[in-house]
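Visitor: Hello! Could you show me how to read a few features of a protein structure?
Guide: Gladly, let us look together.

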Amino acid sequence: MAVSDAEPERARDLAKKTGAQFHSGDNAAVISRPEVTAVIVSSSEGAHVEPLIQAIELGKPVLVEKPIALTLSDADRVIRAADKAGVSVRVGYSRRYKERYLIAKEQIVQGRLGRLVGGAARVFNLRSQAIAILARNPHATPVVDALTYYVDLMNWLMEGNERGVRVKEVFARGQKGVLKDAGFDTEDVSYAILTYADGAVVNLGIAYSLPDQYPARGHAARVEVLGTGGVMILDDDHTDQIMYSEKGVPHVYLPDQSVNMVFLQSGTPGDWALGDFWGPVANETRAWLDHLSMGKPCALATAREARNTLEVTLAIEHSAASGRPVSLPLAE
């Protein structure tokens, strides 16, 4: 195992904790090691493409954090390279490996909801996390970087429908305020209606502007799926798991920020417990490694699925900016 980080001392510390055999402050040095046979790219949103392309050209399968890229041209560049090299690229939309959503997918696969005709999802998060993401890359907006999870989730749940999962039209509205005052010209709140090729409609909403002391330490979400033969309502807010601590609880992404009251298990990647990591990111990583080493099935998004999701999130932003519906596919 080899690890790299833009800050070499972080790579060194992580290597020590994990028993890695090699560490570096240079991604390329790690990816090119002949002993490295598979690559996980978890750099910031705007820095996915170059290590992706390097790993692909060396013939190494890749698991990359979402989104696959921030532009369709970069996503297409990755897909062309993967096709040419015959290399597997999977994208870490970790909601697919959260237990409640895996179970939901099973109900759909078993036909218990009939044909899916609609759905809804909304997600809340803190303004401090939005500001931290935007500060490292202003193009990684809440829609492109976070609502993307629920675009992918809905596409994944809808994929058994006749005529496939393609979204044909997006209509969106947004409201600016807190994030704009912080120096970022992006919406605090966005809502969108997606219309699929078979007529199914989905409503998606995101608010990455909640106060910093709100008890969720990551995503607070709610998902609904409607079919001709049933309905699923998935409460993922974690308001049923509350802890108050005078010591304080750190944020999973912002370790310098802590709160006294927290909704347990609201951290998006998962949680440490008794020396091991539990939750969606751990689940998807293990599933990917099992897929590579034993040929087990893998539900992680493909590069083309991730490209479709990116296109929808960009369409949401275009629609909110123009005030008009946007048809897909997007023009280059």
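Visitor: Is Val117 buried, partly exposed or exposed, and what is its relative accessible area?
Guide: This is a predicted model, and here Val117 has a relative accessible area of 31%. Buried means under 20% and exposed means over 50%, with partly exposed in between, so Val117 is partly exposed. You will find Val117 in strand 6, residues 116-126.

Visitor: How is a pair of aromatic rings described?
Guide: We use the distance of the centres and the angle of the planes. Searching the whole structure gives four aromatic pairs. One of them joins Tyr93 and Tyr149, with 6.4 Å centre to centre and 85 degrees between the planes, which is edge-to-face.

Visitor: Why does this pair tie together parts that are 56 residues apart in sequence?
Guide: Because Tyr93 lies in the loop between strand 5 (89-92) and helix 5 (99-109), while Tyr149 belongs to helix 7 (residues 142-158). Both tyrosines, Tyr93 and Tyr149, are buried.

Visitor: Which residues do ring pairs link into a cluster?
Guide: The cluster consists of Tyr93, Tyr149 and Tyr150. The ring centres of Tyr149 and Tyr150 are 6.5 Å apart with planes at 70 degrees, so this pair is edge-to-face. Tyr149 and Tyr150 are both buried.

Visitor: Where does the charged end of Arg33 sit?
Guide: The charged end of Arg33 is over the ring of Phe22, 3.9 Å from the ring's centre. Likewise, Arg122 lies over the face of Phe124, at 4.2 Å from the ring centre.

Technical notes
Residues numbered from 1 in each chain as written. Predicted model: local features only at pLDDT ≥ 70, side-chain atom pairs only at ≥ 80, totals over all residues. Heavy atoms only, no water. Phe/Tyr/Trp six-rings, centres within 6.5 Å; stacked < 30°, edge-to-face > 60°. Helix = DSSP H or I, 4+ residues; strand = E, 2+ residues; numbered from the N terminus. Buried < 20%, exposed > 50% of the residue type's maximum accessible area, 1.4 Å probe, protein only. Lys NZ or Arg CZ within 6 Å of the ring centre and 35° of its normal.
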